[in-house]
Amino acid sequence: MQVTMTVNDVEVTREIEGRLLLVHFLRDTLGLTGTHWGCDTSNCGTCVVWLDGEPVKSCTVLAAMAGGHEVRTVEGLAKGAELDPIQEGFRQCHGLQCGFCTPGMMMTCRALLDKNPDPTDAEIREAISGQICRCTGYSTIIRSVRWASVHEAAAAEKQEEVAQA
Amino acid sequence: MQVPAPFEYERATTVDHAIGLLERLGSSARLVAGGHSLLPMMKLRLANFEYLIDINPLHEELGYIKTSSDEVRIGALTRHRELLESDALAAAFPIFRDAERVIADPIVRNRGTLGGSLCQADPSEDLSAVCTTLDASCVIRGPGGAERVVSMEDFHVGPYETAVGDDEMLTEIRIPLRPGGGSAYEKVERRAGDWAVVSAGAAVWLAADGTIDDARVGLAAAGPNTTGIPEISAALTGHAPAEELYEQAGAIAARSCDPATDQRGSAEYKRHLANELTRRTLRRAVERARS
């Protein structure tokens, strides 16, 4: 069957099998290996991507289901050479060690900040409760999200000052 | 790599289109909504279908929560996240928000649906226990637009088995709204997002004089289904809410459930939980009914 979807703002059309999972479509068909493939059972969350702006576990979504919809992956976070504040936060605060869970974590945390720009630690923990990190003990991930939250707020304030001046 | 066996993917455009496809394809076809139960089962070859009919495009038609004076109607494709975030639903039946907070995880809740949860008919599934507790009924649509309404008791035929026929589809859940009501849900799980070791839901309706007009308790993961416990309703009705009454109800719950020893706990521990969680949820349901 043929499927057409938008991935990171680019429309793609491919011939696929009905049973192809979205994670494998992204990695193997499109070569977007930033999305990781982990437990296969929607437990670990490393395969999280956005489907129409909502985080989903792409090991448990058929590629065909994404037909006609918008998908965003970790490759679509940065704006050119400029890292998204979430990515910069993970870099600054040691939000990763081995990096396996990182793409899924960042997609979930970006979606969290879009809805809730100033989350509490408990809200961050709840947001990533469906994702597993075996290196950081989660504390540095939470710190990374706080970093992004604070820096985004500061950047927005500065922009407002410039606008007023 | 776990992938399902080959199947043909079909996409439904309306409810009647989906039913038309089911009529034509029979038992070789299955509807898929959130897919977070069906796809893992297909990966493990516990389920195999020649056709999957994707009903996610029907979300606009079947994703809703409508409240009237005597009933709440919820479309079968309403997602867990929508049930969790609905203030109207939390006001009418706080049990939904209690349960949704501990069903799977936030990412899975973005996909999973009420109808899919009920149709999976897993004895450990929390929304089945919630709907049983609230005495919900299920609207099943078949060929030619024919609709029938069945109680939760009749809907769940057995583990993983429902009253929905091969050419039918669950479209709506209806929950009666009665005055003086309060409800609550409690789940014990080994880790965030896991299936319940045991869950309990309770709903009470208080009369004007403060006595219990009606009460219902539903358990999950404590037997082959999530049906209610009529003996508890009988024991509580007509009495003033009191700690001794909750103890009595807890004892009935422990006695009437039928849990199995597995990796989540011993049958004995699960009976203990059925007792304790029944008491806690009844206590909270009464507090909420009074406030």
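These questions and answers concern chain B of a predicted model.

Student: Which strand of chain B holds Glu172(B)?
Tutor: The strand in question covers residues 169-176 of chain B. Residue 172 falls in that run, so by the DSSP numbering the place of Glu172(B) is in strand β10.

Student: Is Glu172(B) buried or exposed?
Tutor: A residue needs 20 or more other C-beta atoms within 10 Å to be buried. Glu172(B) has 22 C-beta neighbours inside 10 Å, and therefore it counts as buried.

Student: Which residues is Glu172(B) in contact with, leaving aside its neighbours within four places in sequence?
Tutor: Contact here requires C-beta atoms within 7 Å. With the sequence neighbours left out, the partners of Glu172(B) are Arg73(B), Ile74(B), Gly75(B), Ala76(B) and Val139(B).

Student: How far apart in space are Glu172(B) and Asp258(B)?
Tutor: In sequence, 86 residues separate Glu172(B) and Asp258(B). From C-alpha to C-alpha, the distance between Glu172(B) and Asp258(B) in space is 30 Å.

Student: Which element gives the largest share of the side of domain 2 of chain B that touches domain 3 of chain B?
Tutor: The assignment places domain 2 of chain B at 61-176 and domain 3 at 181-290. Between them, 23 residues of domain 2 of chain B are in contact with 26 residues of domain 3 of chain B. On the domain 2 side, α6 (94-100), α9 (126-133) and β8 (156-158) of chain B each give two or more residues. The largest share, six residues, comes from α9(B).

Student: How many residues on that side of domain 2 of chain B are nonpolar?
Tutor: The side of domain 2 of chain B that touches domain 3 of chain B includes six polar and six charged residues. The nonpolar residues there number 11.

Terms used
Residues numbered from 1 in each chain as written. Chains lettered and ligands numbered in written order. Predicted model: local features only at pLDDT ≥ 70, side-chain atom pairs only at ≥ 80, totals over all residues. Helix = DSSP H or I, 4+ residues; strand = E, 2+ residues; numbered from the N terminus. Buried ≥ 20, exposed ≤ 12 C-beta atoms within 10 Å, placed from the backbone. Contact = placed C-beta atoms within 7 Å. Domains from an automatic or database assignment. Nonpolar A, V, L, I, M, F, W, Y, C, P; charged D, E, K, R; others polar.
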